[in-house]
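Subject: A structure to look through

Hi there,

Here is the structure I promised to pass on to you. Have a look around first, and then read my notes below.

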Amino acid sequence: MSVGVPVNPSSSSQLPAAPTTTTTRRRVADSQEDHCTVGVGGNAVVYIPEEEETATSCGGGGSLSSSCCPSGSHHNYVVGFLSLRKFRLVWMLMVENKSQWTAGIGRNMRSATNLGRLILILLSILVFTFFLIVAISGRRQRHVDKHEFIVSIHPRPTIEKIIREEESSSSFQVLLPKTRSIPEIWNQPETGNYQKCMARPKNQKPIKKTNGYLLVHANGGLNQMRTGICDMVAIAKIMNATLVLPFLDHSSFWSDPSTFKDIFDWKHFIKALAEDVQIVEYLPPEFASIKPLEKNPVSWSKSSYYRNSIAKLLKKHKVIVFNHTDSRLANNSPPPSIQRLRCHANYEALRYSEEIENLSNVLSSRLRENNEPYLALHLRYEKDMLAFTGCNHSLSHEESVDLEKMRYSIPHWKEKVINGTERRLEGNCPMTPREAAVFLKAMGFPSTTKIYIVAGKIYGQKSMTAFHEEFPNVFFHSTLATEEELSTIKPYQNRLAALDYNLALESDVFAYTYDGNMAKAVQGHRRFEGFRKTINPDRKRFVRLIDRLDAGLISWKDFSSKVKKLHQNRVGAPYLRRPGKAGPKLEENFYANPLPGCLCDTSEEQTGLNRFERPSIRAQSLR
């Protein structure tokens, strides 16, 4: 900026000579505060921003003029010019050019008295302008602050447009975007370069003429039946058999009469597998009169067992019935094409009925209202599981006796006398609802977390009290859905389990409190869909930690720190399926971790490694 000082025309020759139209240009630092140009005619000094150095001076003629960069309006000129920041520049200019203007004043002032009068006038002007600034700022402070904010967050070329639009608006409110940071606890694990590898072999031969028909009676609960059916698809492929739509178990604990067609999209199932296995809805009439051969296959058998022994029986009898389907195929020994077929059957062909799928989508959207994430917790604290395992921690004496009676009443539950306390310390009991709540809190989930309970009725009169105290936003399918929405599936436990399966699969985080069939099926499916975060608690170490916490031997801060550290590598990141050291029964379940088999590390293509190496070889090389 510059200030013009009155000069006597007759003595103008004594000042430094300069063209009358020349403007001396000085650069000031471009900032949020000083983005205006001010000029005077004649001998003038104009301050401009650094990036506008080549622009024309704002002044013109012999009159004082200004142009404020953001708006150009007269009002902004007054505010800008009378800003105290601009007087700072005036003072700098006066000091910088004191040799010139003091000489002019000395020649034009007749005495020291005149100089004092001039200073007094200047001071009066300063006082007047100061109060004028205060009055204007009081009325427009909100507007000015907003413009300063805009200057600080927007690129300079867009500032003028933004301020002009805001000035033309009837309201000066600034509507800032609401940004929400996602807590670290919801972050997904690192997935590396793993991708689905489900392509059929290029040399796959067309389906040959069938060797016979395979009838299967799937046994167990929904998820046990689901994985068993997928094994039957693979076994039918090995034996070149035609598979008849499976029969479901109606005699299990839940006694659900639902059929395969009631739960699954059976037409999609047949169509999706048409290039791999022949599947028919019913046994053809010409074979209906034939007495089938009933056979219970050996558990965890290799492919050669079915290709040689069972295939010969099929060719002879034409119809074979398997009365058990659970764990009838080995986890690690089948060839890559059969492993991929198991995944294709489980993750792509087996789809629930349209009714279940649609309701699952509605409830999932309901849980994600306001774009909030939700956690699905498989809280396996149901009566049948507690009776089977003999776990009764935190239950009353009457409830424990009731579980024991149930255990003795079921003949095929071979283990009757169980020490629940010892079993819990070994990590072989489901977490109690209180233990699950403390675990989630220690892991860092806030009390406002939406939690969907993937389970049936929780056993124990006061079991959920402690859980609700820590996490009040708890939902079951019975509280999330309306009575009308559940009316057609509520009487059927397997259909409700299918609904829970989908909500657990689609959750942002899935955690489970016991290694049951539901936990294995869901975690494997989540791995297949991109290693979605799945928390697998180390129950053996956790129960020892929480017992120390309850005894006052450890602070909450140390407890939480130890729980987080203990589970930092148990959140669903990729790793090779662990082979069993003491037989196939103790191997990691194929459907709990379909790697290797259905997931491939694409980086191995560049290192020359075999994408379909046997896990026993690759796992040893990585340990």
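A residue is called buried if its relative accessible area is under 20%, exposed if over 50%, and partly exposed in between, with a 1.4 Å probe and protein chains only. By that rule Leu126, with a relative accessible area of 40%, is partly exposed.

Before the rest, a word on the source. This is a predicted model, in which local features need pLDDT of at least 70 and side-chain atom pairs count only at pLDDT 80 or more, while totals for chains, interfaces and linings use all residues. Residues are numbered from 1 along each chain as its sequence is written, and side-chain values use heavy atoms, leaving out hydrogens and water.

**A surface patch**

Leu126 is part of helix H4 (residues 112–153). Helices (H or I, at least four residues) and strands (E, at least two) are DSSP runs, numbered from the N terminus. Together with Ile119 and Leu123, Leu126 makes a nonpolar surface patch of about 260 Å². Like charges are joined within 9 Å, and nonpolar side chains (Val, Leu, Ile, Met, Phe, Trp, Tyr) within 5 Å. The accessible areas come from the Shrake-Rupley method with a 1.4 Å probe, and for residues only the protein chains shown count as cover.

Two strands pair if DSSP finds at least two bridges between them. E12 pairs with strand E11 (residues 374–378) in the parallel sense over four bridges, and Tyr452 is the bridge partner of Ala376. E12 also runs parallel to strand E13 (residues 474–475), joined by two bridges, with Tyr452 opposite Phe475.

E12, helix H17 (residues 465–470) and E13 form a right-handed β-α-β unit. A crossover is right-handed if, with the strands pointing away from the viewer, the path from the first strand over the helix to the second runs clockwise.

**The disulfides**

A disulfide is a covalent bond between the sulfur atoms of two cysteines. Here it is taken as a pair of cysteine sulfur atoms within 2.5 Å. How many disulfides does a search of the whole structure find? It finds three.

- Cys197 is joined to Cys600, S to S 1.9 Å. Cys197 is in the loop between strand E5 (194–196) and strand E6 (213–216) and Cys600 is in strand E16 (residues 599–601), so this pair ties together parts 403 residues apart in sequence. The torsion about the S-S bond is about 75°, so the disulfide is right-handed. Cys197 is buried at 7% relative accessibility, and Cys600 is buried at 2%.
- Cys343 is joined to Cys598, S to S 1.7 Å. Cys343 sits in helix H11 (residues 336–349) and Cys598 in the loop between helix H23 (556–566) and E16, 255 residues apart. With a torsion of about 90°, this disulfide is right-handed. Cys343 and Cys598 are both buried.
- Cys391 is joined to Cys429, S to S 1.9 Å. Its torsion is about -90°, so the disulfide is left-handed. Cys391 is buried at 5%, and Cys429 is buried at 7%.

With the bonded cysteines numbered in sequence order, the pairing is 1-6, 2-5, 3-4. Cys230 is in no disulfide, and the nearest cysteine sulfur, that of Cys343, is 8.7 Å away. Cys230 is buried, with a relative accessible area of 1%.

**Backbone details**

Most residues other than glycine have a negative phi, and most peptide bonds are trans. Which residues are joined by a cis peptide bond? Leu595 and Pro596 are, with omega about 5°, and Pro596 is in the loop between H23 and E16.

Asn370, not a glycine, has a positive phi of about 65°. Asn370 lies in the loop between helix H12 (354–367) and E11 and is exposed at 60% relative accessible area. Ser394 also has a positive phi, of about 80°, without being a glycine. Ser394 is in the loop between H13 and H14 and counts as exposed at 55%.

Happy exploring!

Definitions and conventions. Patches are made of residues with over 30% relative accessible area and no salt bridge: like charges are joined within 9 Å, nonpolar side chains (Val, Leu, Ile, Met, Phe, Trp, Tyr) within 5 Å. A salt bridge is a side-chain nitrogen of Lys or Arg within 4 Å of a carboxyl oxygen of Asp or Glu.
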